[in-house]
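User: Hi! Could you walk me through this model? Let's begin with the charges.

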Amino acid sequence: MRKISYDPLFKKLVDAKMNRTELAKKAGISKGTMTKIGKNEYVALEVIEKICQTLDCDIADVVSCLPTEE
């Protein structure tokens, strides 16, 4: 199984000069969900969709899949 990484999202936020709290407010995402994202945990695809709509970008711009360590 691959690991999920939200590093592309964090880079995008820097480029957009927006912090996580601002994103959560604009996208209507809870603090708990943002905590999950910060820990690279799985979140519902609906959350990713809200983020993409808010930042006007594609899924690949906010999420990447990393190979697992064996």
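User: How far apart are the mean positions of the positive and negative charges of the chain?

Analyst: They are 7 Å apart, for 12 positive and 11 negative charges. Lys and Arg count as positive and Asp and Glu as negative, while His and the chain ends are not counted. Each charge is placed at NZ of Lys, CZ of Arg, CG of Asp or CD of Glu.

User: Thanks! What should I know about the source of the model and the numbering?

Analyst: This is a predicted model, so to speak of local features needs pLDDT of at least 70 and side-chain atom pairs count only at pLDDT 80 or more, whereas totals for chains, interfaces and linings use all residues. Residues are numbered from 1 along each chain as its sequence is written, and side-chain values use heavy atoms, with hydrogens and water left out.

User: Great. What pattern does the chain follow along the sequence?

Analyst: The pattern is β-α-α-α-α-β, with four helices and two strands. The radius of gyration is 12 Å, close to the 11 Å from the globule rule for 70 residues, so the chain is as compact as a globular protein of that length. That radius is taken over C-alpha atoms, and the rule is 2.2 Å times the number of residues to the power 0.38. Helices (H or I, at least four residues) and strands (E, at least two) are DSSP runs, numbered from the N terminus.

User: And how much of the chain is buried?

Analyst: Buried residues make up 33% of the 70 residues. Buried means under 20% relative accessible area, exposed over 50%, and partly exposed in between, with a 1.4 Å probe and protein chains only.

User: Let's look at helices. Which residues of α4 are buried?

Analyst: In α4, residues 45-55, they are V47, I48, I51, C52 and L55. These cover an arc of only 140° around the axis, which puts them on the same side of α4. The arc is that of the directions from the helix axis to the C-beta atoms. On the other side of α4, E46 and Q53 are exposed.

User: What covers that buried side?

Analyst: The cover of the buried residues of α4 includes α1 (7-15), α2 (20-27) and α3 (31-38). Contact here means heavy atoms within 4.5 Å.

User: Nice. Which residues are buried in α1?

Analyst: L9, F10 and L13 are buried in α1. Seen down the helix axis, the buried residues of α1 fall within an arc of 95°, so they line one face. The face turned away from them carries the exposed residues K11, V14 and D15. Cover for the buried residues of α1 includes α2, α3 and α4.

User: I was also looking at T33. Is that one buried or exposed?

Analyst: T33 counts as buried, at 17% relative accessibility. T33 lies in helix α3 and, leaving aside neighbours within four places in sequence, is in contact with V43 and V47. V47 is also one of the buried residues of α4.
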